[in-house]
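Here are my notes for you, written as numbered points. Keep the picture open while you read and look up each spot as it comes.

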Amino acid sequence: MSSVLIISGSPSSTSRTERLARSIASRINAHGAEATLLDVRSLPADDLLNARFEAPSILEATARVAAADGIVVATPIYKAAYSGLLKTFLDVLPQFALRGKVVLPLATGGTVAHVLAIDYALRPVLSSLDPLHVVNGLFLLDKQITVLEDNQIQLEPEVDQRLNGVIDQFLAGLKRVASAGI
Ligand SMILES: Cc1cc2nc3c(=O)[nH]c(=O)nc-3n(C[C@H](O)[C@H](O)[C@H](O)COP(=O)(O)O)c2cc1C
């Protein structure tokens, strides 16, 4: 069974991105893979801001990245790029932390003006960590994500379909890697 780590990079306590990450975990688990969530916001800010590579919290989070076959990176768009919080975490990862892994990039944003931020901002940073494959990502507008009373989210049907589509591609990539024994 492939293992997937979903990294949420929003600093918000009422984050849509984090809720989206939880929904993706459920969808991936329903496909028989094992997905868990790493909310960067829950890591000690002091360790992240001082780039304490050897801090227990950072070592533990880094080990979770190393142990996963696939990584989903979900971030809100801040100032036309990924969040600073996400970058503090990516910065403390080893140089080739994504080697051999399949990666799915996702972003939520407030305006379609930044729909390409995944490709011009996030993808190059992820590529520098030497992933095997970064599959097609998805940008969701915050208004397309409705937070329900039970804290679950509801997506517009067309967005829901596109999300399932990128998850399918991601899982197919993981299967190919598993069957090739990479
Ligand atoms: C400080 C800040 C900066 C933002 N900058 C952008 C931006 O440049 N482009 C954009 O599309 N959305 C921008 N947004 C909107 C957020 O990306 C959007 O609401 C996102 O869904 C928030 O995710 P979250 O609820 O997980 O934090 C910004 C929001 C904040 C709080």
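1. Where does Lys 79 lie? Lys 79 sits in the loop between β3 and α4. Before we go further, a word on the model: it is predicted, so local features need pLDDT of at least 70 and side-chain atom pairs count only at pLDDT 80 or more, while totals for chains, interfaces and linings use all residues. Residues are numbered from 1 along each chain as its sequence is written, and side-chain values use heavy atoms, with hydrogens and water left out.

2. Back to that loop. Lys 79 has a positive phi of about 45 degrees, although it is not a glycine. Ala 80 is found in the loop between β3 and α4 too, and its phi is near 70 degrees, again a positive value in a residue other than glycine. Lys 79 is exposed because its relative accessible area is 82%, whereas Ala 80, at 23%, counts as partly exposed. (Buried means under 20% relative accessible area, exposed over 50%, and partly exposed in between, with a 1.4 Å probe and protein chains only.)

3. Now zoom out. The protein chain has six helices and eight strands, and from the N terminus on they run β-α-β-α-α-β-α-β-α-β-β-β-β-α. Helices (H or I, at least four residues) and strands (E, at least two) are DSSP runs, numbered from the N terminus.

4. How does the overall size look? With 182 residues, a compact globule would have a radius of gyration near 16 Å, and the protein chain has 15 Å, which agrees. That radius is taken over C-alpha atoms, and the globule rule is 2.2 Å times the number of residues to the power 0.38. The C-alpha trace spans about 40 × 40 × 30 Å along its principal axes, and buried residues make up 49% of the 182 residues.

5. Check the contacts as well (heavy atoms within 4.5 Å). Among contacts with a separation of 6 or more, residues 24 or more positions apart account for 78%.

6. Helix α5 (residues 117-128) deserves a look. It has twelve residues and reaches 16 Å from its first C-alpha to its last, close to the 16 Å expected at 1.5 Å a residue; the expected span is 1.5 Å times one less than the number of residues. Its buried residues include Ala 117, Ile 118, Ala 121, Leu 122 and Val 125. An α-helix has 3.6 residues a turn, so residues three or four places apart point the same way. The buried residues of α5 pack against β3 (70-76), α4 (84-92), β4, β5 (133-134) and β6 (138-141). Just after α5, Asp 130 takes a positive phi of about 65 degrees.

7. Thr 108 belongs to strand β4 (residues 102-109). Thr 108 counts as buried because its relative accessibility is 7%. Leaving aside neighbours within four places in sequence, Thr 108 is in contact with residues including Thr 17, Leu 20, Thr 75 and Leu 140.

8. Is Glu 18 buried or exposed? Glu 18, in helix α1 (residues 16-30), is buried, with a relative accessible area of 13%. Neighbours within four places in sequence aside, Glu 18 is in contact with Ser 8, Leu 37 and Asp 39.

9. Finally, find Leu 37 in strand β2 (residues 34-39). Not counting residues up to four places away in sequence, Leu 37 touches Glu 18, Ala 21 and Arg 64, among others. The C-alpha atoms of Leu 37 and Leu 140 are separated by 19 Å.
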